[in-house]
Amino acid sequence: MDVVHLELGDPLYPSALRIFFSDHPPKAIAIMGNLDILRQKKLALFCSVQCPGNLILQTYDLACDLRDAGVTVLGGFHSPMEKECLTLLLRGTQPVIVCPARSIDRMRLPTEWKAPLAEGRLLLLSPFAEKLHRVTTDLAQRRNEFVAVLADKVFVAHAAPGSKTGRFCRDVLAWGKPLLTLDSEENVHLLALGAKPLRPESVGTQRRMNAGQAAEEGSE
């Protein structure tokens, strides 16, 4: 499948990127897959590299719930927990958006991505130039901002106090984005910042939102 480059002036270019990055929006974004997925309500998923054992189990269960509820999830899927979630999500039938912290031009695709791409339920996005093939700390930070801007809500399974992910959570709240996390003692610092607990009933609400959106689009 070919990579398509969506220029800043293209009418299909995500307006959220123009608004948030008003002074320096990406000049183009690289796309591989079904761009219609961007029209869905989207939940960004993040997790620190270090994640307590009990939160690993809860996040694993939540990923299954999100998959079964048909929630569109996007992220970089770089940390170990994020990778596990991506594996679970790709076993479902709902849309998934992957945003690597590098260019996707000439990127070697994992075998498990090929079928979802062909089925039109996987979308790869990157705001990075073709020459940027090596993941760096700076690119990862810019990618995380890119993902959060495109998302309707941001879920962080865990962010260790004082970590880069923890600082990112502060930024997300400062941008006015809804921030969700697991209701756990290990996340009490995120809840104190203003994050809201993501509970199973919230996933059910998202299922109803997706069904309502699909019904509206079908009636157009």
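The legends below accompany several views of a predicted model.

View 1. The protein holds 8 helices and 9 strands, and along its principal axes the C-alpha trace spans about 45 × 40 × 35 Å. The radius of gyration is 17 Å, which agrees with the value near 17 Å for a compact globule of 220 residues. Among contacts between residues at least 6 apart in sequence, 71% join residues at least 24 apart.

**View 2. The pairing of strands β3 and β4.** Strand β3 (residues 42–46) and strand β4 (residues 72–75) pair in the parallel sense over 3 bridges. Within this pair, Ala44 stands opposite Leu74 in β4.

**View 3. The largest nonpolar core, seen around Leu122.** This core contains 35 residues, of which Val96, Val98, Trp113, Leu122, Leu124 and Phe155 touch the most other members. At least two of its residues are supplied by each of β2, β3, α2 (53–69), α3, β5, α4 and β6, and the largest share, 6 residues, comes from α2. Leu122, when residues up to four places away in sequence are not counted, touches Met32, Gly33, Asn34, Ile37, Leu90, Val96, Val98, Trp113, Pro116 and Leu117. A second core of 30 residues is separate and includes Val147, Leu150, Phe168 and Leu179. As general background, nonpolar side chains in soluble globular proteins tend to be buried together.

View 4. Phe77 lies in the loop between β4 and α3 and, although it is not a glycine, has a positive phi of about 50°. Because its relative accessibility is 5%, under the 20% limit for burial, Phe77 counts as buried. Arg106 lies in the loop between β5 and α4 and has a positive phi of about 60°, although it too is not a glycine. Arg106 is exposed, because its relative accessible area of 67% is over the 50% limit.

View 5. Gly92 is found in the loop between α3 (80–89) and β5, and it counts as buried because its relative accessibility is 13%, which is under 20%. Which residues are in contact with Gly92, leaving aside its neighbours within four places in sequence? They are Arg67 and Arg121. Arg18, by contrast, is 74 residues apart from Gly92 in sequence and 32 Å apart in space, C-alpha to C-alpha.

Notes. Residues are numbered from 1 along each chain as its sequence is written. This is a predicted model: local features need pLDDT of at least 70, side-chain atom pairs count only at pLDDT 80 or more; totals for chains, interfaces and linings use all residues. Side-chain values use heavy atoms; hydrogens and water are left out. Two strands pair if DSSP finds at least two bridges between them. Helices (H or I, at least four residues) and strands (E, at least two) are DSSP runs, numbered from the N terminus. Buried means under 20% relative accessible area, exposed over 50%, partly exposed in between (1.4 Å probe, protein chains only). Contact means heavy atoms within 4.5 Å. A nonpolar core is a set of buried Ala, Val, Leu, Ile, Met, Phe, Trp, Tyr and Cys residues joined through side-chain atoms within 4.5 Å. The radius of gyration is taken over C-alpha atoms; the globule rule is 2.2 Å times the number of residues to the power 0.38.
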